[in-house]
Amino acid sequence: MHRLLIGNLVLFAVIVGAVAGTSAAAPAGAPGRVPSLVDPGWVAANLAAPDVRLVDVSSTRDTYVAGHLQGAVYVDWQADLVDPTHRVKGMAPTREQFQALMRRLGIRNTDAVILYDDTSSLFAARAFWILKLYRHPRVAILDGGSRRWQLEARPLTTETPAVSPSRYAAAPRDDSIVATAEYLVARLGEGVVCDARSPQEYAGLDVRSARGGRIPGAVNIDWRLNVTPDGSFKPVAELRALYARAGHTRDREIIVYCQTGVRAAHNWFVLKYLLGYPRVRNYDGSWEEWGNRTDLPLQR
Amino acid sequence: MSPVVGSTTIRHPLARLLGVGGAVLVVSAVVARLTAQADARAATFWLFGLAFGFVLQRSRFCFASAFRDLFLFGHGRTMRGILGGLAVATAGFAVLMQRMVPDPGLGVIAPEAHVAPLGAHLILGGLLFGVGMVIAGGCVSGSLYRIGEGYVASLVALIGIMAGLALGAHTWNFWWRASIRGGLVLWLPRVGGYGMALVVTFLLLVGAYLLVIWWEVRQGFRAPEPVPGRPGHTFGDRIHGALRAVLVHGWPASVGGVALGVLNVFVYTAHMPWGVTGEVSRWAVGLLTLVGWDPGLLQGAGEVSGCALVGRGGSLLSHTLTLNLGMVAGAFAGAQMAGEFRLRRPRERRRYLQALAGGVLMGYGATLAMGCTLGAFFSAIPSLGANGWVFAAALAAGAWLGVQVLRRIP
């Protein structure tokens, strides 16, 4: 009975959080809110707060073991952030799988989750998208990740934090930020289809599915164009000019994809959270699904 | 030179083709087996290496002599072949690059295209390389294919090149900070689209071709009449004649140049344009590390495209290794089929010193220019980068200087 009450309270908090998340226009520094992109100074100042949880989404576990930010837990992007039962490789975890992960990591619905990695925020952006898919209200990416953190001579630790499982309750999926193949097919030629892969994959010269090529009409913006050589996001004005040149404007619906939806999440984060575009979706199946299905049209 | 020894020409070229071809197949199978785990591209690039080496050997395609002969003998036979190859590769590269980067104004340069920063480093690199290749009597690719033909001095030149690259690695960070990092990266399609870039490049190639013809006329060079082939009648005569034309007689430089241009488009389609120096620098840095003279972190070398220095790391059995070794093997196979292979030591000891010194100059020049006559020239002009033309001009000036030096060597 008591447990049920707490569960309901948590659920209530989630709903309140989700509503607050959609209505407020990301005021940096407002009480209880975190900006979507934080710098090392912000993280250093908030590291000790009990409701701030750091999550290391580095490329390999070895990177985490070698040294990570104080209190950070590790999430394996290849094992923890996918649905292993899905027929398409690399799809987002189900609500149950996601809830189990958050519970295992000891993350509560009210916590602010700060994500970082060693790969120019590639995996952090994928984790960000998944947290938003299940409507977690307070999420941010540490700009520049562990690389910039170290460049600023900030400390790392090899201590693994002791974590007690939480009672996290995952909200239903936010279908407004995800696209399916059927959704895309019905809208081909309408909005913008943004291809976050390399120019070689875009041209069908580097083939990673049964078929090589791109979704008809797709525009190529390699995710690596979002970042500077040191791995931080480029200034917003520069990103806005880049995407505008390629026809991405805020009045259009934009669907991003790549091979498995990881690199696409990076472009999605830029469009939705740095540029503030309202209608941006990540096609989670991406080329892993599109290129392996023979009933879908492609362009080369 | 390498006269065709009488006894070896008696054997039917078909017999040689089968013998050498069979050996090449066996070795290729071994290479494919050895490298399968380390690098999936290695076997393909071994075949590319064989093809490049074979064409270089059959057509005696030497970039060093292309520049040198203009000034030393007043003819541009090989240079005209190079220009033909550049024209073919330019068209092919443009098609490929346009598919990968349809909008060059977006700020992306086509992946793997050899577009490098301009600056003093590029001009100095071209000058040093030009002098070095004339003194050594062959550039990096020339040395590789002559090793396959049995030239001992070319092996010495390669050692010199590695020494020059090693010196380059130890001074790279200085050049990176002083000139390379701040250099303008000028990719012609970004300025005015692919159409304009193609027009400019073809105009420059035609201009260079006319300049070569004008120079030859001024120097009194007369193009030799083509030797008429023995007309064959029977099926056997025709096959024999065709085999002799391909396997025994040397190819005209124009055929070699165009074949290399076509191969360069193929190899870029497979992965990246033709280049050899990056891999040779990997050997040099690897050896340095073995003897405890590690050059340390090479700042920015990973960011520039083309054949910039490659530091430690990566599997030894890479596709760049098989490309280079394939070139030696392809030249060896070509020489064997023509009956031209034999171990050749220079008559004078001084030639070794020349090869070594020229090699060092080339190695250091290739460090600064981020490539040799292949990476910074033969693959850079078709990449529609301005750096290819700047390097070519410096290379020509360096070759002229080298000829002056050669004339003073008794």
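The model is predicted: local features need pLDDT of at least 70, side-chain atom pairs count only at pLDDT 80 or more, and totals for chains, interfaces and linings use all residues. Residues are numbered from 1 along each chain as its sequence is written, while chains are lettered from A and ligands numbered from 1 in the order in which they are written.

**Confidence in chain A**

- Chain A has a mean pLDDT of 90, and 89% of its residues reach 70 or more; pLDDT is the predictor's confidence in each residue, from 0 to 100.
- Residues 3-31 of chain A have pLDDT below 50, and this stretch has 25 contacts in the model beyond near neighbours in sequence. Two residues are in contact if their C-beta atoms, placed from the backbone, lie within 7 Å.

**Sheet β1 to β5 of chain A**

- Five strands of chain A form an open sheet with parallel pairing, in the order β1-β5-β4-β2-β3. Helices (H or I, at least four residues) and strands (E, at least two) are DSSP runs, numbered from the N terminus, and two strands pair if DSSP finds at least two bridges between them.
- At the edges stand β1 (37-38) and β3 (73-74) of chain A, each with a single partner strand, so one side of each has no neighbour in the sheet.
- Strand β2 (residues 52-56) of chain A runs parallel to β3(A) and is joined to it by two bridges. A:D56 is opposite A:Y74 in β3(A).
- Helix α5 (residues 122-133) of chain A lies across β2, β4 (112-116) and β5 (139-142) of chain A, at about 175° to β5(A). Axes are lines fitted to C-alpha atoms, for helices over the stretch in contact, and angles run from 0 to 180 degrees between N-to-C directions.

**Sheet β6 to β10 of chain A**

- An open sheet of five strands in chain A has parallel pairing and the order β6-β10-β9-β7-β8.
- Its edges are β6 (178-179) and β8 (219-220) of chain A; each has a single partner strand, so one side of each is left without a neighbour in the sheet.
- Two bridges link strand β7 (residues 192-195) of chain A to β8(A), and the two run parallel. A:C194 faces A:V219 in β8(A).
- Helix α10 (residues 262-274) of chain A packs on this sheet, touching β7, β9 (254-257) and β10 (280-283) of chain A, and its direction makes about 175° with that of β10(A).

**Helix packing in chain B**

- Helix α3 (residues 42-58) and helix α13 (residues 319-338) of chain B have axes that come within 6 Å and cross at roughly 40°. α3(B) is therefore oblique to α13(B); angles under 35 degrees count as roughly parallel, over 145 as roughly antiparallel, 65 to 115 as roughly perpendicular and the rest as oblique.
- Helix α2 (residues 13-35) of chain B packs against α3(B) at an angle of about 145°, with the axes 8 Å apart. Residues of α2(B) in this contact include B:V24 and B:S28, and those of α3(B) include B:W46 and B:L47.
- The axes of helix α7 (residues 140-149) of chain B and α13(B) come within 7 Å and cross at roughly 45°, which means that α7(B) is oblique to α13(B).

**Contact between the chains**

- Chain B gives 10 residues to the contact and chain A gives 12 residues.
- The side of chain B that touches chain A has six nonpolar, two polar and two charged residues. Ala, Val, Leu, Ile, Met, Phe, Trp, Tyr, Cys and Pro count as nonpolar, Asp, Glu, Lys and Arg as charged, and the others, Gly among them, as polar.
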